[in-house]
Amino acid sequence: MTLAEHTPMMQQYLRFKQEHPDRLLFYRMGDFYELFYGDAERASRLLDITLTARGQSAGAPIPMAGVPYHALDLHLARLIERGESAVIVDQVGDPAAAKGLVERKVTRVVTPGTLTDAGLLDARREAPLAAVLQDGARTGIAWLSLAAGRITLADVANAECAATLERIDPAEVLVAEDQPQPAWRQRAVPTHALPAWHFDRANAERQLARRLGTLDLAAFGVAGAPLALAAAGALLMYATATQQNSLEHVRTLTVEADGEFVTLDAATRRNLEITRTLAGEREPTLLSLLDRCATAAGSRLLRHWLMHPLRDRERIVARQGAIAGLCGDAASVRTLTSELAGTVDVERIAARIALGTARPRDLSGLRDTLARLPQIAGIAGARGGTLMLRIAADLGCDPAWQALLRAAVAEEPPAQLRDGGVIARGHDAELDELRDIDAGCAKFLVELEQRERTRTGIAALKVEYNRVHGFYIEVGRSHAERVPGDYRRRQTLKNAERYTTAELAAFEAKALSAQERALAREKLLFEELLARLLPALPALQSAAAALASLDVLATLSERAESLRLTRPEFSDDVAVAIDAGRHLVVERQVEDFIPNDLALDATRRLLVVTGPNMGGKSTYMRQTAVIVLLACCGMFVPAKRARIGPIDAILTRIGAADDLAGGRSTFMVEMTEAAWILNRATAQSLVLIDEIGRGTSTFDGLALAWAIAHRLAGHNRSLTLFATHYFELTALPSEIEGCANVHFDAVETKGPRGPGIVFMHHVENGPANRSYGLQVARLAGIPSDTLKQAQRYFARLDKFNTRDDAQHDLFAAAQPAADAALGGAPAAAPAPTSHTAPEAVCSDAVLASVAARLATLDPDAMSPRDAQAALYELKSLLGR
């Protein structure tokens, strides 16, 4: 069916749909937004709305679904949560004046990464739009926070792309058509392929220079991010098209320098549970514990700080100083928090002003917030310090803007402009006159009703109004003979007649015209007010950033006192020293948390951590990373004392999880994360390795764990916590300079229900001697007969493995054979240590494998043939 064969209305709809084929199109018809064809079927499933039909196309009914106009934002929010985009087509012509089809146009394009409306955005987190462009070994990433008016650029190595996107956490991603989509997380993010010419660097530079009011972008350091600059061009084109606006508020450009932030890979962000638990929940997490911010903007900034730990000591110390200045002055902090709680989200309101989508209560809230700024600035300035003084200066917004809003906006305006009463009385004489006419309606109707009752003698006569029939005089049928001759019948009811008169008709035309003209006048004045506020945007954005910073600092000072946090110290030596460190989140979940010390430095770079399951190893490692993270964020830390050296990365390999969608087993994920660490860790990196090598055979896993530990200590020379249940690895301190053993212990107890175990949760020097796996299994509820069987097998294994008390190096003599098996040149074997003879190592390793095989045999269940086969197998293992 051709376009010409459709009705005029459907022709209009289809023209809009041709321009936006991949988005749900909401088409305004009266009091509803309608969807047709495939959009209607899709929306019906997504929004759980009724699917109906309208007319026919090619002999089949046209599917249709709709939502009331006043409920549109509610449904849009549900679509955005599902990663969908929508196009809003509104009636811009007057239906009453239109002789044919009402004029319509696209007024909004709503996508997950271009949201500014308060009803669609999560108030406490960003939803940036990112663009990615790859060329050779480098990838350029540009991201735009439309609600904040800020663009950030970063050129990174291809291998760093996934980690960078994980840090940015975009709501939507743009890529060039000729490039693959970046694979960077399991959660699907809407990704759109755009023509390659959208990623034009010269055009992007021109656009950004114009926005920033500069000749070029040399002063912003874009020379270090040429690919990201080209990606920014695609960002601006896409955002401009979706907003139907020139984006005048986008005036901040930042280029991230290499080494500006402490590297946190995706696994580390997940393992440390910074903003999400391992189960994907929002609490309990580090953010949920720290976030007591009075404002949504403060919560967003706190999240940003936690995800972007700094390496610049000057900025870190400035934050610490501001927090320290607020600590101990609870009264000032309470006053400051109270004032901040009375402010609105200036950052997002400024964006809506620029886009022309601000609502009346946005402006009244902005007016009241501007009135609070002098007092808030006074509190900040009184604290002293570079950071607080800068915040106070940024809060110095010109009082003329607050005066303009006070004069123009009603004290308590309605939520919507269409409801009227937004513009303050006295701001515009013409509007006031029209309102007076409208306000005189009630008085006129009362006077007319009284006069007509006197004239006609009908005491029950009423003068009323409704939206369908306008103004009318209602007389009961019993009084019909007393109706004057100048009354003209308007409507007949069962028990009454409705009339109008020349006087009433003239007043009706005047009154209704005044209402319509007043609403039109208010709309015009409101749009003019938004235009007059555009020059204030830079000052408003600066004030917004200052309010958010002040909120975060006040919150962190309160948290420091409530959670017993201390100000960490910094040194130039590569080291981490912690006295009585605690895990902030875990200690809130248990009755008695036991603090622990840690010492890592150039002479003690790798700690092999052993001990029972549930003994505290993982918590000890995670709390170390969290303390270092908080210190690098400029925050106080949960420790009696902490001294932190230069840190360039926090890298972790903790826990077990597969990637079914990516076709990777648990062991493959483990090895991938380990490879990432080995290829990136430096002498200034903090590395946490927990139970590496569990997903394969015992000897493969042990060999890999041993080799990884050697590389971290000898090649990377990182500060490393290496937790393991391979007790053979406790021999590493005798092989590796700067390696030491620490352990967590447990005590077995006897009770009425049998033996039990008490975990000490306290770190001690030296290796553990047991892992208490069977005892932990009993706590988990493993059946007793299964535990007894396990105990018997354990005894048999232990008999073969405890030939003497010496710790043997299982790898030294086996290294040349392993190199040959891998097809590589022989590596230098570790030097023989005093506790073992190199010539005995091979036989011990072979005997260990024989012992492991013997432990699996059950002589009572074997036939003579099976026993003979087992003997031959054991003989081959011995090489005979």
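Biologist: Let's start with Ser-145. Which element is it in?

Modeller: Ser-145 sits in strand β8, which covers residues 138-145. Bear in mind that this is a predicted model.

Biologist: Is Ser-145 buried or exposed?

Modeller: Ser-145 counts as buried, because its relative accessibility is 8%.

Biologist: And what is Ser-145 in contact with, beyond its neighbours within four places in sequence?

Modeller: Leaving those neighbours aside, Ser-145 is in contact with Glu-126 and Arg-150.

Biologist: Take Leu-363. What does Leu-363 contact, leaving aside neighbours within four places?

Modeller: Leu-363 is in contact with Ile-353, Ala-358, Leu-405, Val-409, Phe-526, Leu-529, Leu-530 and Leu-533.

Biologist: Let's go to α9. How many of its 12 residues are buried?

Modeller: In α9, 11 of the 12 residues are buried, so this helix is largely enclosed by the rest of the structure. Among them are Arg-300, Arg-303, Trp-305 and Leu-306.

Biologist: What about the span of α9, residues 296-307?

Modeller: The end C-alpha atoms of α9 are 17 Å apart, which agrees with the 16 Å that 12 residues should span at 1.5 Å a residue.

Biologist: And α10, what does that one look like?

Modeller: Helix α10 runs over residues 313-326, so to speak 14 residues, and its first and last C-alpha atoms are 20 Å apart, close to the 20 Å expected at 1.5 Å a residue. Its buried residues are Ile-316, Arg-319, Gln-320, Ala-322, Ile-323 and Leu-326. Seen down the axis of α10, the buried residues fall within an arc of 160°, so they line one face of the helix.

Biologist: Why would a spacing like that put residues on one side?

Modeller: An α-helix has 3.6 residues a turn, so residues three or four places apart point the same way.

Biologist: What happens at the start of α10, and what follows the helix?

Modeller: At the start, a side-chain oxygen of Asp-312 reaches to within 2.9 Å of the backbone nitrogen of Glu-314. After α10 comes Gly-328, which has a positive phi near 85°.

Biologist: Positive phi again, then: what is the phi of Asp-169?

Modeller: Near 55°, a positive value in a residue other than glycine. Asp-169 lies in the loop between α4 and β10. Glu-691 has a positive phi too, about 60°, and is not a glycine either. That residue is in the loop between β24 and α22, and Glu-691 counts as buried because its relative accessibility is 8%.

Biologist: Where is the cis peptide bond?

Modeller: The cis bond joins Glu-283 and Pro-284, with omega about 0°. Pro-284 lies in the loop between α7 and α8. As background, most residues other than glycine have a negative phi, and most peptide bonds are trans.

Biologist: Last stop, Glu-673. Where does Glu-673 lie, and what does it touch?

Modeller: Glu-673 is in helix α21, residues 666-680. Not counting residues up to four places away in sequence, Glu-673 touches Ala-267, Arg-270 and Arg-653. Glu-673 counts as buried, at 13% relative accessibility.

Note on methods:
Residues numbered from 1 in each chain as written. Predicted model: local features only at pLDDT ≥ 70, side-chain atom pairs only at ≥ 80, totals over all residues. Heavy atoms only, no water. Helix = DSSP H or I, 4+ residues; strand = E, 2+ residues; numbered from the N terminus. Expected span 1.5 Å × (residues − 1). Buried < 20%, exposed > 50% of the residue type's maximum accessible area, 1.4 Å probe, protein only. Arc of directions from axis to C-beta. Polar contact = N/O pair within 3.5 Å; in protein donor to acceptor, adjacent residues only side chain to side chain. Contact = heavy atoms within 4.5 Å.
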